[in-house]
Amino acid sequence: MELWFTENHTPNVRFSIKVDKQLCTKTSRFQRIDVFESPEFGRFLTLDGIMMLTEKDEFIYHEMIVHVAMATNPDIENVLVIGAGDGGTVRELSRYDSIKNIDMVEIDEEVVQICKQYLPQTACRLDDPRVNILYLDGLKYVRTKTNEYDLIIVDSTDPFGPGEGLFTKEFYGNCFNALKHDGILVNQHESPYYEQDRISMMRAHKRIREFFSVCKVYQVHIPTYPSGHWLFGFASKKYNPLEFDPSRWEALGIKTKYYNTDLHKGCFAIPTYVKEMLENADAV
Amino acid sequence: MTVLSQEMAPIYEALKRYRSARIVPFDVPGHKQGKGNPELVEFLGKQCLSVDVNSMKPLDNLCHPVSVIKEAEELAAEAFGAEHVFFMVNGTTSAVQAMILSVCKAGDKIIMPRNVHRSAINSLILCGAVPVYVNPDVEKKLGIPLGMRVSDVEKAILENPDAKAVFVNNPTYYGICSDLRSIVKLAHEHGMLVLVDEAHGTHFYFGENLPVSAMAAGADMAAVSMHKTGGSLTQSSFVLLGKGISEGHVRSVINLTQTTSGSYLLLSSLDISRRNLALRGKEIFKRVVELAEYARSEISSIGGYYAFSKELINGDSIFDFDITKLSIFTRDIGLAGIEVYDILRDNYDIQIEFGDIGNILAIISVGDNEMAMERLVASLFEIKRLYSKDKSGMFDHEYINPVVKISPQKAFYAKKKTLDITKSSGYISGEFVMCYPPGIPIVAPGELITDEILDYIAYSKDRGCFMTGTEDMKIEKINVVVGEEE
């Protein structure tokens with residue numbers, strides 16, 4: 001018997017992973033949640049049939065969504081994480097002793113419960129005393145905050161379904177308002193490659209740059225995401241991520257598998273076609 | 001004879017039988033179940049095109065229903081507590097016209113509030129009935145027309161004992177309800193019928209703790225836009241009949257203007273939506289109320305916005321309020337409703353129902369969820385933060401009481417001349433001017449054009465309202481009645 005998980009990356013492109021067994025399936029109020037065990041990628045989590053993370057490559061995503069901002073401003077103390085129910089982002093943040101508070105706002109409590117049970121690799125630090133988990137719509141939470149956070153990380157699903165509100169102008173505007181004068185916003189920024197992801201990517205960039213004086217995009221390579229070429233957004237009211245002090249971060253002694261201070265500079269170097277898309281983001 | 005129950009949907013079931021029978025069509029429509037128009041199939045889907053068919057024996061005939069349409073009408077009548085229901089495919093406009101044309105002929109009087117939809121006044125042009133307008137009460141701060149006061153209706157009835165009917169707009173677009181039971185009682189005591197434009201009140205028949213519906217209040221006829229809050233396709237609608245109204249007469253009137261090629265897409269959408277509401281309407285509208293109440297409290301907590309509701313109730317011209325409507329007064333943040341409406345669409349990808357000078361209206365329905373509400377609330381929060389202005393200098397007048405000089409029909413068919421609209425003050429208008437939506441005329445045929453009306457039109461245009469009504473597409477010229485100037 002062969003069991004395969006298949007995700008349509010586009011209507012014409014499929015991506016499949018051979019599965020040993022399905023560990024969990026549940027339909028929450030918001031989405032269908034599945035965890036599988038696979039020979040190649042270890043355990044992996046999907047939401048509504050879309051790949052969220054695998055044990056084998058999640059380090060790339062989670063290190064890169066956290067350390068670029070933390071190296072840019074190592075004085076960050078108060079962090080808001082939106083989405084991120086698998087716990088990977090919180091795990092990376094919890095490695096900084098300088099962070100005093102992490103508010104994590106996840107819409108779907110079932111995702112967190114399932115990840116705690118089946119994906120301890122990412123969910124292992126959700127019980128850190130600095131972490132407060134709130135189960136509600138991030139869009140709702142963030143509009144109640146003003147001048148409060150040093151860093152907001154938007155670790156969301158794609159902009160269809162529960163994650164839709166986290167790609168909107170109202171959300172980015174509310175984030176701007178919730179950040180302090182030197183605040184940083186990092187967001188999951190979709191991919192430049194396939195058309196549907198590209199449109200989401202351009203729309204997100206167009207909307208973020210309406211609010212933030214610094215608005216950049218950096219890239220990572222995630223084997224299990226459509227095209228493997230993925231982007232994060234870095235926006236700030238003050239900090240240019242390329243003007244940072246590598247020695248200060250290195251002195252922290254945080255051991256990483258993907259991120260390093262050379263890559264920090266390098267990941268902002270993006271392909272010409274992506275640059276052009278970003279420049280023309282107003283066209284979408 | 002089949003025993004009918006609300007679980008059934010006879011038109012839908014007949015279409016499914018038709019589809020599975022794989023009939024070879026040598027009748028209209030010429031797209032032949034979509035085969036002749038692949039681009040349309042690609043866009044709308046094969047399922048849809050395969051049941052876009054013509055009347056035939058197994059599918060009944062809308063003009064003269066004897067089988068599945070008749071059964072569907074009977075089920076709808078039971079669901080709405082009506083004596084009879086007509087399926088309408090020319091919009092609620094045709095439903096309103098069917099009501100008025102059924103009870104009025106040339107020269108007959110009909111008592112109505114002036115803040116009716118254009119379809120009601122159009123009916124008067126068609127049949128030559130003469131309106132006796134009852135000026136609706138007005139909420140001064142919000143600038144919106146309210147319901148009719150019972151005492152004003154009584155006065156109109158006593159002054160016009162020969163009037164044939166009282167026409168009530170219930171609820172209004174904004175969710176305001178008149179004292180329908182008292183108006184019905186009063187009218188019936190004076191031998192007049194009561195016709196209700198219930199375009200925005202489908203849910204009154206199914207939800208709990210909502211304002212009284214026309215049929216429950218004893219009205220004689222009602223026009224219900226199933227497509228507005230009931231879930232059916234755009235343009236599909238119902239006429240409901242109360243006791244003692246001749247079904248045959250009303251059908252003859254409907255058949256004067258209704259298509260003989262009634263769309264089965266529209267008819268089946270009415271049938272399926274009726275079934276859905278009959279079986280699940282109570283819980284659906286409970287949820288709609290919860291969403292609307294949630295949004296109201298969140299929007300009011302932003303400050304600057306006023307999401308109005310039952311606190312407006314005054315026992316008369318605001319006898320009740322439809323809490324599924326999310327009407328929001330925006331002028332205190334220095335923006336006209338129409339400006340907020342435009343910003344929501346252009347900058348936040350949110351389309352709401354309409355904006356007028358002082359308010360916006362969002363329709364909440366069976367299709368909404370919490371996440372959509374959050375987007376609306378968050379966007380309004382941002383609009384206040386980023387766009388709010390000093391509110392001084394804002395136009396604070398919405399409703400203008402009309403001066404009726406001649407009947408709409410007489411004005412419509414009178415000899416007319418075209419003037420620059422800015423130079424038309426003092427003339428009698430030969431046509432409508434309105435913002436659409438809501439489609440309530442600012443000036444209607446036969447009414448005096450005043451400086452106040454012209455100021456209002458200019459302000460509405462300036463703020464970006466979508467203006468319509470005149471022959472001149474730019475609303476720069478207006479046709480006025482010749483020989484009647486003041």
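Which residue stands opposite Val35(A) in strand 5 of chain A? I looked this up in a predicted model. I found Leu45(A) across from Val35(A).

**Strands 4 and 5, chain A**

I then checked how the two strands are arranged. Strand 4 of chain A covers residues 32–38 and pairs with strand 5 of chain A in the antiparallel sense, over six bridges. I noted three residues in the hairpin that joins strand 4 to strand 5 of chain A.

I asked whether strand 5 is enclosed or open. Strand 5 of chain A spans residues 42–47, and five of its six residues are buried, so the rest of the structure largely encloses it.

**Strands 5 and 6, chain A**

I followed strand 5 on to its other partner. Strand 6 of chain A (residues 50–54) runs antiparallel to strand 5 of chain A, and four bridges join them. I recorded Thr54(A) in strand 6 as the bridge partner of Phe44(A). Two residues lie between strand 5 and strand 6 of chain A in their hairpin. I read a positive phi of about 50 degrees for Asp48(A) in that turn.

**Contact with chain B**

Last, I turned to the interface. I have 14 residues of chain A in contact with 12 residues of chain B. On the side of chain A that touches chain B, helix 5 (138–142) and helix 6 (169–178) of chain A each supply at least two residues. Helix 6 of chain A gives the most, with six residues. By residue class, I listed three nonpolar, five polar and six charged residues on the side of chain A that touches chain B.

Technical notes
Residues are numbered from 1 along each chain as its sequence is written. Chains are lettered from A and ligands numbered from 1 in the order in which they are written. This is a predicted model: local features need pLDDT of at least 70, side-chain atom pairs count only at pLDDT 80 or more; totals for chains, interfaces and linings use all residues. Two residues are in contact if their C-beta atoms, placed from the backbone, lie within 7 Å. Ala, Val, Leu, Ile, Met, Phe, Trp, Tyr, Cys and Pro count as nonpolar, Asp, Glu, Lys and Arg as charged, and the others, Gly among them, as polar. A residue is buried if 20 or more other C-beta atoms lie within 10 Å of its own, exposed if 12 or fewer, and partly exposed in between; C-beta atoms are placed from the backbone. Two strands pair if DSSP finds at least two bridges between them.
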